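Colleague: I have a model open and want to talk through how the chains pack. Can you take me through the interfaces?

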Amino acid sequence: MGLPLRVENVSKRFGGLAALDGVSLQAMPGEITSIIGQNGAGKTTLLNTITQLPPPDGGQVFAGEVELTGMAPHKIPARGVVRTFQQLRIFSRLSVLENVLLGFQHNTGERLWNLVARPGAVRAQRKDHHDRARGILAELELADMLDVEAGTLSYGLQKLLSLARAIATDAQILMLDEPTSGLSGDFVARILAIVKGMRARGRTVVLVEHDMDVVFDISDRIVVLDHGRLFAHGTPAEIRGHEGVREIYFGSRVA
Amino acid sequence: MEYVLSIVILLTIYLILATSLNVVLGHGGLLSLCHAGFYAIGAYAAALTGINLGWSFLPTAAAAVAIAAAVAALLALPLLKLRGDYFILGSLGFQIIIIDIIYNSDWLTNGALGLSRIPRPRISGFEAISHLDYALLYGAVALIAIAVLHYITTSPFGGALNAVREDEVAATALGKNVRSIRVRAFAISAGGAGLAGALYAHYVTYIDPTSFTFTESVYILSLVIVGGVATTRGPILGALLLVAAPEMLRFVGFSSDMDSNLRQLLYGLLLILFAFVRPSGIAGRSVF
Amino acid sequence: MNLALIAQSVGNALATGAIFGLMGLSFGLIYSTTRILHFAHGSVYVCAAYFFYAAYVAADWPLLPSAIAAVLGAGLLGFVVMRLFYEPMVRRGTSGAVVMIASLGLFIVIENLVVLVFGNDSRVISKGEVQQGLLIGNVYVTPLQLASFAVALATFAIVFLLVTRSKLGRGLRAIADNPAVGEIVGIDVRLLNYLVFALGSMVLAIAAVLMGLDIGVSPGMGLSVVLIATIAAIIGGANSMFAGIAGGFLVGAVQSMGVLWIDPRWQNLLIFSALIVVLVVRPTGVFGTAQR
């Protein structure tokens, strides 16, 4: 059922700068794989290249047996791979409900032909999507804000909404870019509970996160990037004990 | 009475024009200035198939919709590569190119002289002759067109179109094919304009290129901006206000010579007023 | 095809190109620095031409004072349009599309006000002096064409010196590169915006005077002028203040030389197709450099 993510030797250059240089990694279903590294280490670029927006210059990305590299970026979510954005990118002038509805894949009603030829099927699926969207929002305690314009929500609620939208895609591989940054303790706890819930459902969770307490608390595996290269990888315990990581990444700070 | 009916007929045409422009302008967030070009294509398609092939109303209207939509899909290929100001300028360029081609293709369109003796609308036994016939037929067509466009813009397709307007990257990351959605929206919108063109051609029975110029595009734009973007009731309200209301000026007694200038002055002022005070229009969503 | 005909076309292309170059420069100055799609620029042209008509024909002033009055009047109009019309919107962060819509509205309002004041007929701006054409080599030119060309070149030179040598010009180039940086370095961006609107409008007024003497003026001319100005500036290079000059000569060349090979009625089609090709294929313009 689960879908592993495999990244092989991926590179990306911007002008003369190598943002990613031959990075390989694997993330497994039912696990949280965290990617850490300093600013500019290539974490977000890695998520971008996995979802082909923009595609990498070299290397390959696989979701299970399916190769994602070379695929049009809008076809990636239907293959079970979805990411969130650090800048959220919620549809700020659409309602909370509309935002979540846009997450559903294989939407019959997005094809004009179906609107004409199969209005019944469109209506039925629409009702199903509405019910599921309400369910997801209820689970995230957003049920009483269905019709609120998303852009007017507080930052924390917007972050929850971006997760709700990702959950609606029903993707097997979920990549979350800084889901807790800028949030207070209460929201961090709510969001971490959601992330753990994803893992419990057998999803492959990839987490880009800068809060080391969170990373070491929640991760099953940790991947360390440094200047676009894979610097180290292993379990939290292994990374904690890694001399080089302590030196380069944590500096004088004791993890 | 005849006069009131003639305004109603005009109103049905502008209701369709405004509602169809709203698909790209409001829901799609693309400021297109070539809507009158597609209006022209529909008018000429209906006129030519009616005059030369003797087609009745339903086939000519279908031809008008199909040809306008097809041309739009073709033009969308280069046009939708453009963003922001460049999209506006590109659409303006196409507006002028379309009218220029119509103007200069004497062999087909009779150029500046225009096409006359366009048949009145016939549907099997029925032929629209009186103003009342026209008002009833066109009223029904406009109602259907608005209902169809409402169905499309509130469908999941419409939702995706609105999402693309809000954030192309996020929409792509959720699996929406941004380009394809926009091309389809552009074609639907042009199809609506084509339908309005068919109604116009069969009503006035004489058309020439001057009815479909850039100024006309701006006029249609002002209906949507004033009424409101990205809602169904916005463009309807705009057409009611700007097409029907100024006709009342006539009763106040302005000379017919100054009439059109005063009317243009009015909608120019309204465009400015709404841009300053309420860019989403009277009953629109905030989009720009 | 005979050589004389080609020489004559080149002559015409240069004469038309000079006027179009003024238009392209005027739009490019404004667009490259403020990024406002100033559609009402066409109205500024029409107003300038009617200012000139009012002074030169109606009030019977001599030529030079009339021209100066028209240019200053247009400069003031440009200043006012930026100060009272665009700036309040720009300051509120109104989106470019809405500013463009407002600009269209202003264009329509001014055009129709002009009709209400001056009527819809076109006016000849001439005092009946007969101009003898002259032959330079095989090329027939009118004194007005020669004078237009000289005035246009002089204008290009003056604006170029103003922008490259003066403090004002350095500020303009700074905000054209990046308005935010201009703000940080302590440049008064607002003042520069007023000045560039005034300057662009004055350059356009020179074109209005020259073209007015040639073909007169009518209220409906604004649209074709703003289209030529925009196309010249965009084809030349939207990021550059001066590429509009080159763009203007290019459009002038297409219009005058095109006659040799293409039925003149397809000129518009050719020019607008060129605009779309440039927008799609080379958005930085034929002569522009990539920046921002």
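**Chain contacts**

Modeller: Start with chain B against chain A, where the contact takes 28 residues from chain B and 28 residues from chain A. Bear in mind that this is a predicted model.

Colleague: What area is buried between chain B and chain A?

Modeller: About 2400 Å², with carbon and sulfur atoms giving 59% of that area. On the chain B side, B:P156, B:E166 and B:L174 lose the most area to chain A, together 25% of what that side buries.

Colleague: How many salt bridges across the interface of chain B and chain A?

Modeller: The rule finds four. One of the salt bridges pairs the side chains of A:R93 and B:E166, at 3.1 Å from N to O. B:E166 is also among the three chain B residues that lose the most area to chain A.

Colleague: And how many residue pairs are in polar contact there, between chain B and chain A?

Modeller: 13 residue pairs, both residues at pLDDT 80 or more. The elements giving two or more residues to this side of chain B are helix 6 (131–153), helix 7 (156–166), helix 8 (168–173) and helix 9 (178–204).

Colleague: Which helix of chain B gives the most to the side that touches chain A?

Modeller: Helix 7, with eight residues. By class, the side of chain B that touches chain A has 14 nonpolar, eight polar and six charged residues.

Colleague: Other side now. How many residues do chain B and chain C put into their contact?

Modeller: Chain B gives 38 residues and chain C gives 41 residues. Between them, chain B and chain C bury about 3500 Å², and 78% of it is on carbon and sulfur atoms.

Colleague: What's the salt bridge count between chain B and chain C?

Modeller: One. A salt bridge joins the side chains of B:D106 and C:R265, at 2.4 Å from N to O. Polar contacts between chain B and chain C come to eight residue pairs, both residues at pLDDT 80 or more.

Colleague: Which elements give two or more residues to the side of chain B that touches chain C?

Modeller: Helix 4 (84–104), helix 10 (214–227) and helix 13 (256–277) of chain B. Helix 4 gives the most, with 13 residues. The side of chain B that touches chain C divides into 27 nonpolar, seven polar and four charged residues.

Colleague: Now the chains themselves. How many helices and strands does chain B have?

Modeller: Chain B has 13 helices and two strands. Its radius of gyration is 18 Å, close to the 19 Å that the globule rule gives for 288 residues, so chain B is as compact as a globular protein of that length. Along the principal axes, its C-alpha atoms fill a box of roughly 55 × 45 × 35 Å.

Colleague: What share of chain B counts as buried?

Modeller: 63% of its 288 residues. Among chain B contacts between residues at least 6 apart in sequence, 78% join residues at least 24 apart.

Colleague: And chain A, how many helices and strands?

Modeller: Nine helices and 10 strands. The radius of gyration of chain A is 19 Å, close to the 18 Å from the globule rule for 255 residues, so chain A is as compact as a globular protein of that length. Its C-alpha trace spans about 60 × 40 × 35 Å along the principal axes, and 54% of the 255 residues count as buried.

Terms used: Residues numbered from 1 in each chain as written. Chains lettered and ligands numbered in written order. Predicted model: local features only at pLDDT ≥ 70, side-chain atom pairs only at ≥ 80, totals over all residues. Heavy atoms only, no water. Contact = heavy atoms within 4.5 Å. Buried area = accessible area lost by both parts, 1.4 Å probe. Polar contact = N/O pair within 3.5 Å; in protein donor to acceptor, adjacent residues only side chain to side chain. Helix = DSSP H or I, 4+ residues; strand = E, 2+ residues; numbered from the N terminus. Nonpolar A, V, L, I, M, F, W, Y, C, P; charged D, E, K, R; others polar. Rg over C-alpha atoms; globule rule 2.2 N^0.38 Å. Buried < 20%, exposed > 50% of the residue type's maximum accessible area, 1.4 Å probe, protein only.
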